[in-house]
Each structure stands twice: as structure tokens, then as C-alpha cells.
Amino acid sequence: MKVSADAIPQDKAGRKYLFRQLASYFTMVLREWETALAREKQEDTFASKSAINAMVSSRANMVPLFRKFESADLDDDILKPVVGIVQAAQERRYVDANDGYLRLSIGKAAWPIGVTMVGIHERSAREKLHDGERGHVMGDEVTRKYLQSIKRCLTFAQVRWPPEDIRQLMG
């Protein structure tokens, strides 16, 4: 189901349909990932075991996200970037999807560079670094895990469905 929501619907039916689209996309990616690993049938090497463990842990870590989809209880601060990530991934624009993931996970907040509080004097603009910041989205352990699983799904998706434009491959 292609996600094509320009704006996040506010009505209950529209949101339910959007959540169903997102859930079906991630379910499809996880199934493809599982079948790709089963198809390879590698011997017991460290790389094959770690690939299987990454897929299994990603599937387990996305269960809370699927529950939020079912209950239509996902905050708009997370929903909007996830919709953008899925839209970009479905259009095979993986660089844009990765940018959306980075904006969601680390945000655009000012990050102090280098060692802070080296001497006895505090930097002049130090108080501006954290003004107005809401609770960080990666502060919650469950949220952090399913966001990392989304990133792993993106990494697999670019291998499974490579883009036509080679510049859209993410690092």
C-alpha cells in the first residue's frame, strides 16, 4: 500500500487508513528481509548469525510501533517524520529517507562541539543550547528501539529494491 498522505489526516478514518498503510509497509519489508535471509541459506558464520539476529530483533522491537498503529495512538511528532521516511523509501529515495530518520532521531538542536566546561568560565551562549527543547524522542527506550528498527528496514530496503539513481544510495 503506497503511502501518499501529503498532510496527516485528522479524522479518525483517515488516520486509521494511514496507520494501516504504514503497518503493511513495515510488515512487507520485514517479511522480505526474512525470506531473503532464508533464501541465502548461509553456513553458520558470524555474519549470517548477526544478520539473522538483526532481523529478529528488529521485528521484535517494532511490535510496540505496530500496537500504536492498531490503537491509533502515535504522536504527530513521530508520525509526520515516519510518513516522510516511508514515502521516500517507497519512491526509492533512500538518501531523503535517511535524512528524515536523522531529523527524527537527533533533530536540529544545537550540539556543543568539543569538551564543555573546560575552565572555570562558562561559555557565553551556553544557555541557548537547550532552550525550548522538548523531551528528546530517543530518550524513551521503546521509541529508540523501534526507530532503530526503522533504520535497519531502510538499510535492507535499499539492498532489496535498489534505486534507479545511484546517488540515492545511502552510506
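Me: Before that, what kind of model is it, and how are residues numbered?

Reply: It's a predicted model, where local features need pLDDT of at least 70, side-chain atom pairs count only at pLDDT 80 or more, and totals for chains, interfaces and linings use all residues. Residues are numbered from 1 along each chain as its sequence is written, and side-chain values use heavy atoms, with hydrogens and water left out.

Me: OK. How many helices and strands does the chain have?

Reply: The chain has 6 helices and 0 strands. Helices (H or I, at least four residues) and strands (E, at least two) are DSSP runs, numbered from the N terminus.

Me: And how much of the chain is buried?

Reply: Of the 171 residues, 35% are buried. Buried is under 20% relative accessible area, exposed is over 50%, and partly exposed is in between (1.4 Å probe, protein chains only).

Me: Which residues touch the most others in the largest nonpolar core?

Reply: Leu22, Phe26 and Phe69 touch the most other members of that core, which has 40 residues. Helix 1, helix 3, helix 4, helix 5 and helix 6 each supply at least two residues of this core, and the largest share, 11 residues, comes from helix 1. A nonpolar core is a set of buried Ala, Val, Leu, Ile, Met, Phe, Trp, Tyr and Cys residues joined through side-chain atoms within 4.5 Å.

Me: What does Leu22 touch?

Reply: Leaving out residues up to four places away in sequence, Leu22 touches Val3, Phe69, Leu79, Val82, Val83 and Val86.

Me: Phe69 again. Which residues of helix 3 are buried?

Reply: In helix 3 (residues 63–71), the buried ones are Leu65, Phe66 and Phe69. They sit on the same side of helix 3 because they cover an arc of only 100 degrees around the axis, the arc being that of the directions from the helix axis to the C-beta atoms. They pack against helix 1 (12–40) and helix 6 (141–160).

Me: What's on the face turned away from that buried side?

Reply: Arg67 and Glu70, both exposed.

Me: Switching to helix 5. What's buried there?

Reply: Tyr94, Ala97, Asn98, Gly100, Tyr101, Leu104 and Ser105 are the buried residues of helix 5. They cover an arc of only 155 degrees around the axis, which puts them on the same side of helix 5. Their packing partners are helix 4 (76–90) and helix 6. Gly107 follows helix 5, and its phi is positive, near 75 degrees.

Me: Last one, Trp161: buried or exposed?

Reply: Trp161 counts as buried because its relative accessibility is 16%. This residue lies in the segment after helix 6.

Me: Which residues does Trp161 touch?

Reply: Not counting residues up to four places away in sequence, Trp161 touches Met28, Val29, Glu32, Arg92 and Tyr94. Trp161 and Arg92 are 69 residues apart in sequence but 7.4 Å apart in space, C-alpha to C-alpha.

Terms used: Contact means heavy atoms within 4.5 Å.
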